[in-house]
Structures are given as C-alpha cells and as structure tokens.
Amino acid sequence: MNQDSYSSDQPTGQDPLVLLKTLQLLWTKQELGKLKEEIRRGFARLEDPLAGLLAMLESSSDWKGKRHSLGYCITTELQLWIKEHPAVPQSGTKLKKLQARVLGMLSQCPANLLDPLISIYQLHTADRNYLLEHVSHLYLQGNYKEAAILSIKLKLQPDQDVEKMCTPLLLQDKANLVEEYVAEYPELQRKLLQTLDTWCEPSFNIRDIIRPYQGLSKYKPEKFNRRVFSKLIFRLLERFNVDSALCPNVINQRHLRTLNYLFYKRFVEKTMTEENWADHIQSTVGENRWLQRHLVQSLLRHCDVRGAAQWAQHCRVPPEMLPQAVTEELQKMHMQDRVEEVTKADNYEASKKKDYYQLPIPRENIHFLQTWEETLQCWEKVLQAGQVVGVDMEWKPSFGMVGKPRVALLQLAVKDEVFLLDLPWLLEQAEAEGEKEKLPHFIQMLYSDAAITKLGYGMSGDLSSLAATCSALKDTEKQMQGVVDLLAVDKQLQWGKDSRKVDGLSPEHSLEERGVRQPEKGLSLLVQHVLGKPLDKTEQLSNWEKRPLREEQILYAASDAYCLLEIYERLCKDPESFGLGSDLTESLVGKQSKKPRAKKQLNKQAPSPSGQEFQGPRMEPSRPPAPISPQEFSVVCDNMLQGLGRYLRCLGVDVRLLDNEDDHRKAAEIARQEGRVILTSGLPYQTLRSQVGEGRCFSVNCSQKAKEQALQVLKHFNVQVSLGDIFSRCQVCNCNKYLKVSRERMKQLVESSRQVSGEHSAGCPGSQSYSVTVPACDTAQPGCAPRSKQAEGTEQCGAATVLAGDTVLQVTAIPPGVLDRAELTDFYCCTCCGKVFWEGSHFGRIVSEFQDVLVASGDAQSIYELS
C-alpha cells in the first residue's frame, strides 16, 4: 500500500503505536491481567479502533507467530470489546478500505488470527468479486493451501471450480483440507466425488492431471493414485451420506474384490458353503453386467464347464453373456445331478456333527420372532431378576463396503430356550405403528438391569452395530450393568495350564491333524477349550438379511448364543481349574458393571517396551505361558526375518522361511494350513494378524539383531530349549532326520567320490555318483540329531554319494583337515538335502548365546562343557 492511503486512515485520537509500546512492555513482563485492562482502555481512547488494530499489527513483529502472541491477544480482546460497544462504525467507504488492507494481511496471517480478523472486519459482507480475485491471486502464486483456507473462511467455495482448487491440495497430501473445503456444500461434495471417481477409471491417465503441477512445493505424487482416491471416496461417501451410485468405478472395483474374495473362500480355502457363496454372489453381482462378465470368467477359471453352467444358472447370468460351451452345458443338465449333490451335502452334514458343538435343546425350543406379540413373550422370560442371558448378533458381511454393519438378527438365549429376533422387520413394524421406541426400550432395559446377567463375546463390537441399526440405542454401552464379556475371560484363559493356544488345537488333537481344517479362533476356540468341541462356523458369512433364513442359519445363530450359557456355567462351577478367581461372578459382573467402558481396552493391542504388539493383555508375572519344547512349536517367518528363522532352527524349532519374492500374505496361508505361528514385524503385522487366530501372529522388534529377536520369541512363548534340541534340525532345509556316519566310513565315501568324479572335475554334468546303502538303525530320529557345526566352503553337487530317495550327500564340501581330527568320531548327514555336519565350536557358541532359555535335562555336554 502507498503512504498516502495509510496516513489518511490514521485515527486522530491516541496514537496506536504509542499504545503498542505500552502493551509490549506489559507483555514482556508477563503481566497479562494489566495487559488486557490496558488494551481495553486503549481502544476506548482510539477514535477508530479498527484502523488502530491494523496499525498495531503491521508495526508488531510477532503477529505472524503462534497462538500466544501479543498480536493474537490484542485482536481477540478487540473482538470482545466490539461486542460490548456496538456503536463502533462497521460499514461505509472507510471500512471497505480497511477490509482491503486486511485482505493483504490474510495470506500471511496465522490460522488462529483468521477468524477474529474476518469477524472484526465483516469480510463476509465485503465485495464478493474482490474477495474471489484476491483468492485467485493467492492460487496463481502457488499458495494453494492459503487460498483454500481463506475460501473456507470467507465461504467462497460455491463460486470456485472444485477440481481446480482441490487437485493441488491432493498432490500435497492434504486430503483433510479437501474434505473441509466441501464439507458445507452438498453440490460440491457430489462434484468432487464424481471427479475422483473419473480418475479411478482404469483407462484414465493420471499423469495428465499431475503434469501441470511438477514444480509444486511439498509435491507427493506417490499419494496421488487410484488406491488413495478409492479410500478417500469411501470416506467421503460415509461422512457426507452420499449415494454410492455416484461413483460407479470405485464401487465396481470394490465389488470385484469382493467377488475375488468369495471365490477364494469357496474354491481355494474351501471354508464357505455353496448356499452362502451363492447368496453373496447374487447380492454382490446383482444386475450389473460388468460384474456378471467377470463372474463368468471366474467361474470358468475355478470350475469345469459343468460347474460354471450350474452356477451361471443359479446366479441367473444372461445367456448372451455366456461362452458357447457353458450354454451347451446348461442344456444337458438334469435333475438327477441336483439330487446327488443334495445327498452328498446331507451325508457331509451328518459326518460333521461329531466334530462340532451341538445344541443341547430340541429344535422346537428355538423361536424365530417377527411380530410384537411373539416378542412380548420373549421379554417376559428374559426380563426376570436373576436371569442369565446369552446375547449375540448377526449381520450381513460388508466385505469392505461403506458404513457400519446393521444388525439383522438379535439372539437371546436363556436356560432351555433361544429367541431369534428379526430386528429390521420388528423395527419397521414398530415405526409403521408409530411406536418405534418400544423395542429399543426393552433392549435398554435388558442391558441396564444389574439383576440380569448378560453374557456376550466381544460385546463392544456388537453394541456398535446395534447403535448403527437403531440410533435410539447409541448410548446403551454407557448404561449397561451386569454384563460378562467372555472375550475378557478368554484372554485370561489363553495362557492357563490347560489352555495353550499357540497351535490353535485342543490337547486331544494330534499333530497329524494340523492343516486338515482351518484353526479355530475367537469364540469357537473358547468353546473348544471349555466344552471340548469347537463351533461350526460354516454359516458365519451368511447373508443374514435374506429371508427366510435357512435351517442351518437358525441352528448356527442359536448355537452362538446358547454356548455362552454353557461356557459360563462350566466356568462358574470350577473356575480355579481354568486359572480364574474363585468367585467368577463377583470378579467379572461386579467390576464390569461399575466400569462398563473399561472392557474396551481389552480389545486394544498394548505396545510392549520393545515396540512389538501382543495379541492379548500383558501377562502377569504370576501366570506365564505354559512351557513348551521346540518340537511343539512351529513357525513361519516373514521374508524379512530369515536370520531369526535360522537361529530358531539352530535351537530345534520347526521353521518355514518365506523367500524374498514371496508376498507377506503367503505367511497367513502357510500358518492356516500347517498350524504355525507367524513371526513378522512392522506394517505386515497389522494385515497378517487379522487373517489367523488370536495369539498366532507375533511382531518382533525389527530394530534388534536376529539373536535378540530369537530370545524375544522364545521367552514370549515360553519355549524351553534343552541341549538335545540344539542343531536337531538342518539349518538349510529344516529336516529333523539325520544319517549317522562314522569318520572311517566318511573317509571312504569322500575318497570313492573323488575317484569317480576326478579331483578337479567335481560337479561336471554326467559324472557318476557313489550310492550308499544304509541300515535303518543308522538314521537319527527327531530330537536325536547332532550338536554340530555346518560345513564351510563351496558346495559342489554331483561329486557326492547318493542316499536312498536320490538325496545327494555333499561329502566333497568337507575340508580334508576335518576328516583327520581324532576327536571327531561321527558325522551327521541331513537325509533331505544331503548337507554334512560335524561337532565343533559352533555348538558351544550357541549354548553360550542362548543359556537364558536353556533348561536342565539328561543330556550330556561331553566336550561342550562350558566353564
């Protein structure tokens, strides 16, 4: 601004700069009370307080600073003073000039001064075109953040291009500011969502958007991609409650991922029934032709032509979208095939009963309620003092779609009866009758009555879904009393003597059963530990919104609620045998009634001092995990923990190692198939732990060396290593069977091998190998393997003897001097990979490094005795 315009606006009363000096002195002395009094007296002496404020801010050096600056203090005090003195001029030509000066300051103004300055100078009522020009000037200068913030404060968004304003902000990873920019304008929300969805179209070239902003400060192109846009779109859809049909590209891609997941569950993992799979396929694909085309392609990949034809018919795929082979197969299908499938399914269901928990009550005691009259009979039995009620809820799986799940079925179990409430239908009926509050009222009565014991498993998640279903129930969790969340009990049980959960198998399951079916977890595993058999979770991913419910769904829902009663009864009868306090009711019901929200903390993962996260609560020193031997402990190591895996093998642990090119998710597949614990670290932990049972994924401290990581794992799982465990597994291939060969015999093998292949032509193609016939008694059994040092030097295949099964014995890798050592009486050869081991100093070093986890046993240390 020029000097003339400045001087014409100066007040004729007290000089504001003189007042500023007085205020600066009080500010330096930190006399804040006197400071505020002097500010107010000073404004009263100024002829034009508004112009005086600008003069003081422009002359002060700290107005651009943080919140507690003198400029901020002066501005906020004037804002309060103006409210008490409304006679101060607030309009006219002079005010417009002051507004122009304020606009010049706003681009450099800290966020905390924006609101008071805009309020004081009523910038919302200023000339809108002038404000837009000023914001546009900031934008052209590359001050995109400042332009957006000022637009929000001045409410200029409706007159601006939302794509133009938001694109550079997204490139600077300022998605939160973008959300705020459109927050108050539904039309802008829709425009932004449509723009983002267009960018997610597979054929769209994102580089065309990025190109004009190459020189942008804080430029983060890695944050500008379809994956980030997709997450942002779903967040905006949920926050602003916008119809998802506005974003067909991301919705189709999400449905396609759901489709692929359903095929994985049905045809790869084989844990979803045909009925459930078909229900979800129909609800996912619907009438969407694009998805139907992908469905047909997936059917042909995972089924034969006949299978594809059956499912195409079941899902009503239009004939014109089917390949000719599928169309022809459809014409050949006969009813007999369907009868055979039903018979097979019935036989399978009958064979499963002996393996899973079965309801101890007759079918006629399970009541499916859809009318208010039926529900009243339920409440008469449930709402009784001293009653114990098992509570569970079911909802349709969301498969990652927008919004919280809505409860489709509420299960209430009492002694000898189960009530299944069709919650959506009952709420709809009540609303139609003008009494929508009566069902929520009864539910709140149930949860808030301390005289009724409510049993659940993970009740916080259930109540969150209940609140999403009926807004009147949003405060239920705050009011509930007399609840027992068996998830909390489960976490106390998981390290008890009789409840080891490392393998996810009950004691009666043998090691050979691992990998036959998916390991149990959650409530199913608790039922297995307490009642002897797990829950059949086949119907877990059912479409619970579809009516009528199938008989299998009704039995599943009733079992989920009724098993809670049986668990609670068993624990109350003999709590001490499960490692619980003698008075289970008092310790759980009483504490949770007084602090209903405390149980939420049980679901959170507590970080350890070393940076890892545990799957359960912190272990008390008085209750460590039950000790196990390395033979009872099997793991799969993520590809960034290969050093840890080799150390664990040295100590006898069964270790599978991922290759460098393997995806992290392969660890979850191996863990589920073979009953192993996943060892990982960093970000993959969050993904992997959700794919396996609780306590079956452990995050090690990635900042530690491999040896420290191994000690961390052994101590956490209480793996107790004996001397006989050391080197009981091959460090190369993980095999635990060895061939024991005497030193004299090994010399003969080495010499024979060299004579056959030639001293300098070892490993050449076509060279002959010397076969060895070994008596069965010479093969070392698991746990009887050597304490030995791995051979050093180059391994040369071909110049070796051959074991039974065509395993090449790598005898030429043994240095000549080793065979002459008198103290070596035997060599040990891995029967799987042919690696040769012998006793050496390596054993002593391992013993020394891991003596903290070694336990005394009958093993003799012989030459490895440590001083």
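The secondary structure of the protein chain amounts to 36 helices and 18 strands. The model is predicted. The chain has 867 residues, and 48% of them are buried. Its accessible surface is about 42,300 Å². Carbon and sulfur atoms account for 50% of that surface. Take the contacts between residues at least 6 apart in sequence: 70% of them join residues at least 24 apart.

**Nonpolar cores**

The largest nonpolar core holds 83 residues. Six members touch the most other members: Ile-74, Leu-106, Leu-117, Tyr-121, Leu-196 and Phe-224. Leu-117 has contacts beyond its neighbours within four places in sequence. These are Leu-53, Leu-57, Thr-75, Val-102, Leu-106 and Cys-109. Another core lies apart from the largest one and has 37 residues. Ala-408, Leu-409, Leu-420 and Tyr-457 are among them.

**Aromatic rings**

The count of aromatic pairs is 17. Phe-224 and Phe-229 form an edge-to-face pair, with 4.8 Å between centres and 90° between planes. Both Phe-224 and Phe-229 are buried.

Phe-698 and Phe-717 are both buried.

Ring pairs also build a cluster of Phe-263, Phe-267, Trp-277 and Trp-311. One ring of this cluster, Phe-267, has Arg-266 over its face. Phe-234 has an arginine over its face too, namely Arg-254. The table gives the distances.

| Arginine | Ring | Distance from the ring centre |
|---|---|---|
| Arg-254 | Phe-234 | 3.9 Å |
| Arg-266 | Phe-267 | 5.9 Å |

**Two buried helix residues**

Ala-668 belongs to helix H31 (residues 665-674). Its relative accessible area is 0%, so Ala-668 is buried. What does Ala-668 touch, not counting residues up to four places away in sequence? The list is Ile-678, Leu-688, Gln-691 and Val-692. Arg-696 is 28 residues from Ala-668 in sequence. In space, C-alpha to C-alpha, Ala-668 and Arg-696 are 9.7 Å apart.

His-280 is in helix H16 (residues 274-285). Is His-280 buried or exposed? His-280 is buried because its relative accessible area is 0%. Residues up to four places away in sequence aside, His-280 touches Leu-262, Met-272, Pro-397, Phe-399, Leu-541, Ser-542 and Asn-543.

**Cysteines**

How many disulfides does a search of the whole structure find? The search finds zero. Cys-829 is in no disulfide. Its nearest cysteine sulfur belongs to Cys-830 and is 9.0 Å away. A disulfide needs sulfur atoms within 2.5 Å. Cys-829 has 0% relative accessibility, so Cys-829 counts as buried. Cys-572 has 30% relative accessibility and therefore counts as partly exposed.

**Backbone details in loops**

The peptide bond from Arg-547 to Pro-548 is cis, and its omega is near 0°. Pro-548 lies in the loop between helix H27 (522-531) and helix H28 (551-573).

Which residues other than glycine have a positive phi? Gln-30 is one of them, with phi near 60°. Gln-30 is in the loop between helix H2 (16-28) and helix H3 (32-45). Asn-734 is another, with a phi of about 80°. Asn-734 is placed in the loop between H33 and S11. Why does Asn-734 count as buried? Its relative accessibility is 10%, so Asn-734 falls in the buried class, for which the cut-off is under 20%.

How values were computed:
Residues are numbered from 1 along each chain as its sequence is written. This is a predicted model: local features need pLDDT of at least 70, side-chain atom pairs count only at pLDDT 80 or more; totals for chains, interfaces and linings use all residues. Side-chain values use heavy atoms; hydrogens and water are left out. Rings of Phe, Tyr and Trp (its six-membered ring) pair if their centres lie within 6.5 Å; planes under 30 degrees apart count as stacked, over 60 as edge-to-face and the rest as tilted. Buried means under 20% relative accessible area, exposed over 50%, partly exposed in between (1.4 Å probe, protein chains only). A charge sits over a ring if NZ of Lys or CZ of Arg is within 6 Å of the ring centre and within 35 degrees of the ring normal. Helices (H or I, at least four residues) and strands (E, at least two) are DSSP runs, numbered from the N terminus. Contact means heavy atoms within 4.5 Å. A nonpolar core is a set of buried Ala, Val, Leu, Ile, Met, Phe, Trp, Tyr and Cys residues joined through side-chain atoms within 4.5 Å. Accessible areas come from the Shrake-Rupley method with a 1.4 Å probe; for residues, only the protein chains shown count as cover.
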